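Look at the sequence and the model before reading on.

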Amino acid sequence: MLKLELRAGSSRAMAYLSPLLALCLTIFFGALLFLALGKNPLTGLQVFLIEPIRNTAAISELLLKTTPLVLCALGLSVCYRANVWNIGAEGQLIAGGLAAGSTIIFFDHPDPTLSGSMVLLLACLAGVIGGALWAAITALLRDRFHANEILVSLMLTYIAQLLLMYAVNGPLKDPNGMNFPQSKVFSSEYLLPHLMHGSRLHIGFIVMLCATVLMALFIYRSFAGFRLTVGGLAPLEARYAGFSSRRALWTSLLISGGFAGIAGAFEVAGPIGQVLPSISPGYGFAAIIVAFIGRLNPIGTIFGGLILSLFYLGGEMVQSRLGLPSAITGLFQGMLLFLLLACDTLINYRLRWKKS
Amino acid sequence: MTSTAASALPRLELSGICKSYPSVVANDHIHLTVAPGEIHAVLGENGAGKSTLMKIIFGAVKPDSGTVRWNGKEVRVANPQDARKLGISMVFQHFSLFDTLTVAENIALGLDANVNMTELAEQIRQTGANYGLELEPHRHVHTLSVGERQRVEIVRALLTHPQLLILDEPTSVLTPQAVQKLFVTLRKIAAEGCSILYISHKLDEIRELCHSATVMRMGKVTGHCDPREETAASLSRLMIGDTEISHPHTADTPVGAVRLSLKQLSLPKAHAFATALEAISLDIRAGEIVGIAGVSGNGQQELLAALSGEDRRAGSDMISLQGQAVGHLGPNARRALKQSLVPEERLGRGAVPELSLTDNMLLSEQKAPFIRAGMINFKHTIHAASQIIARFRVKASGPAALARSLSGGNLQKFIIGREIMRGPEVFIVAQPTWGVDVGAAAQIHGEIRKLKQAGCAVLVISEELDELFELCDRLHVIAKGRLSPSVATQEASREQIGLWMSGLWDQAGNTDTQEVAYA
């Protein structure tokens, strides 16, 4: 009989192996899923996992989708380290995207007052502020009224979505848009510059890489990052040390909101190029998985981001090639998180074969 | 103890019990025999392997090898339910009672599902009356004193009619008077034929109570003896080996200005199970060690939180540090005024178990050169942690060792080292040697005396009377959130302090109740 046995201490190796193990198991169960759907499992996996990275153009799409995933996950990692359960990155992303889009539309008229790069800079700033403000609502309610941040941040996501709907049906609606609920398409000088010719990959990708390094410095080298980690890991020690838990709540939520906000700004000013009723296919939610796959480590989130981005592209592929529903993406995401949580058991426990 | 007991089969016989964990051999070929009706002491320092052995007997831990005989028959105790079926009961050091339930409800939880509560209440009263363990079955546990809570645990154990009762450090929370009362009860239980395994490291109690003793050191049995015929010194040699521990008596240092002063400090309860502090006044001068005795749960935690700055509800001038009103200031502002504080809980307040010793430095070192421009100066922090490890002889693999990988005593040395290296002028320490072995305890006491010599004002809050009498110049007692007047240690007697621990310093000579204050 297979038995779980408590380890003497938690295994560091297993902490890093667990995401890989979960990924392998996800692929295995994914194959079974394709089989159950009446497809050749190898073909299914090939279309889902290999097709999206077949050439440079495809890989640039992969990196494009990685950008918002990693940006959101970086912020979430800070929150989760501080034991603040923000699961509303999606709403903060939408708020940031809306703020950035509104900024561009405000400046985008025939005789421009500001240069394109200046407007983009302002739009990104607006994105950060928009996302941070949206997260601040959660922080305020938790701080003042002890409201549960999980529920508040999640519900605020739906409010952000409705706010976006209102904006594209009202103030931001394109006057020449045949009454479609969307803004006008931004002029090209107000779009983020592309990194390569013929690819949608934009400068936000570089910003994301820099942000990852900065975040690693913040978490592992700065005293502010240390305070957040101690506050999350050990609240009583934090009190003894004199680290304020209120400050940790506000700091982590504002950082997280800011990062999700800029991710939204990059989407709106990047691949989308206008404000639409939907500006994210759930990046903010998928980023929760990215953060955990990355072990709440900024460098790790890049790997997590690549995997989840692959799942998004794979979902589109199986839809067009195999005629399967794109809900496959959600299934793979769910399996990965579920299996990761299961595999994480092995960090503190080991499997032992026991003769009964 | 009786002639029949000697001829009868032993109640419990362990032979060749071994248990090893990845990093330590907890039990190495342990032999132990307990006769019916015998009070048998298992004596050893913290970490000697006593707890593991008791858990093996109680079925909570499985031995790697060795046999357990129960009334002559070999048995395998797979789990605590098995143990209870055999007739083994255990009273743990840390009580497992629900504060919000009544005595009877708590006891019912451990019994079969369908118990008649009226009958149970009657049983509790009767058992209590038989053994001098008076309890009111319908009182809520949170209104009980620590001594009364222990009675609930013992009554719960007795209701299963055990043939062997295991008590783990039962007196660590009791006043001297309550200890005597407990002993009367235990002698009565034993006289009726129930064997008692009494785990302790307190030599005097064992010599007074127990018929025989098994002494353990580092996982091995180092001797069997009759404690009534041994001296404290001979028992302690068996327990800690031949290492002689000397207490260098320091010359008295002149007492200086008041460094820490509490004036009528009162704080209402922060939550339902807390203790309110009532008009606590206290002065600690440079170059003296002041002790606060008392049974835990009488306001020590609340007082410490107010002193550390974690609880800032006090009026600012109720607490003054170095002449400044600091009641409203947080822990860091008080550190800036050269106050160091070692909390009672080492893991869980004084150090983060999952972090390295280096990282744990930063809990109280939050200024240059440890922090520069908001970034951690790891080079300096590692250096400082290494210095503490070397100077305080902390057994650790290095500054990168995780706090939880250290034994209790070594972690305590590290934390005390961290707080001393800051060069404090006011040093507050709670339970400095709780769960620490004799060698480390002597070292910690030595460091505290050195602080005093250096002119530091020291406050020691402890439940161990021996420790307070050894260290302190003056003693206070805390009970029910009130603080007694101070008495010079040379003029104090253990009886007087024991009485004060019940809150009876106002009515001198009135000894009709020996009950400890409500926790």
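Q: Is L475(B) buried or exposed?
A: The model is predicted, so local features need pLDDT of at least 70, side-chain atom pairs count only at pLDDT 80 or more, and totals for chains, interfaces and linings use all residues. Residues are numbered from 1 along each chain as its sequence is written, and chains are lettered from A and ligands numbered from 1 in the order in which they are written. A residue is buried if 20 or more other C-beta atoms, placed from the backbone, lie within 10 Å of its own, exposed if 12 or fewer, and partly exposed in between. L475(B) has 26 other C-beta atoms within 10 Å, so L475(B) is buried.

Q: Which residues does L475(B) touch, not counting residues up to four places away in sequence?
A: L475(B) lies in strand β21 (residues 474-479) of chain B; helices (H or I, at least four residues) and strands (E, at least two) are DSSP runs, numbered from the N terminus. Two residues are in contact if their C-beta atoms, placed from the backbone, lie within 7 Å. With residues up to four places away left out, L475(B) touches G291(B), A293(B), L468(B), S486(B), V487(B), T489(B), A492(B) and I497(B).

Q: How many Å apart in space are L475(B) and L337(B), C-alpha to C-alpha?
A: In sequence, 138 residues separate L475(B) and L337(B). In space, their C-alpha to C-alpha distance is 25 Å.

Q: Which residues does K338(B) touch, not counting residues up to four places away in sequence?
A: K338(B) sits in the loop between α11 and β16 (339-342) of chain B. This residue counts as partly exposed, because 17 C-beta neighbours lie inside 10 Å. With residues up to four places away left out, K338(B) touches P424(B), E425(B) and V426(B).

Q: Where is N71(B), which has a positive phi although it is not a glycine, found?
A: The phi of N71(B) is about 50°. N71(B) has 16 other C-beta atoms within 10 Å, so N71(B) is partly exposed. N71(B) is found in the loop between β4 (65-70) and β5 (73-75) of chain B.

Q: Where is E169(B) found?
A: E169(B) is not a glycine, yet has a positive phi of about 45°. With 19 other C-beta atoms within 10 Å, E169(B) is partly exposed. E169(B) is found in the loop between β7 (164-168) and α7 (176-191) of chain B.

Q: In which loop is the place of P369(B)?
A: The peptide bond from A368(B) to P369(B) is cis, with omega near 0°. The loop that holds P369(B) is between α12 (357-361) and β17 (371-372) of chain B.

Q: How many Å separate the centres of domain 1 of chain B and domain 3 of chain B?
A: Domain bounds come from an automatic or database domain assignment. For chain B the assignment gives domain 1 (3-240), domain 2 (248-338 + 423-519) and domain 3 (352-420). Taken over C-alpha atoms, the centres of domain 1 of chain B and domain 3 of chain B are separated by 38 Å.

Q: What is the radius of gyration of chain B?
A: Chain B has 17 helices and 23 strands. The radius of gyration is taken over C-alpha atoms, and the globule rule is 2.2 Å times the number of residues to the power 0.38. For 519 residues the rule gives 24 Å, and chain B is close to this, so chain B is as compact as a globular protein of that length, at 24 Å.

Q: What percentage of the 356 residues in chain A is buried?
A: The secondary structure of chain A comes to 13 helices and two strands. The radius of gyration of chain A, 21 Å, agrees with the value near 21 Å for a compact globule with 356 residues. Buried residues make up 49%.

Q: Which elements give two or more residues to the side of chain B that touches chain A?
A: 23 residues of chain B are in contact with 15 residues of chain A. The elements of chain B that give two or more residues to this side are α11 (331-336) and β18 (375-376).
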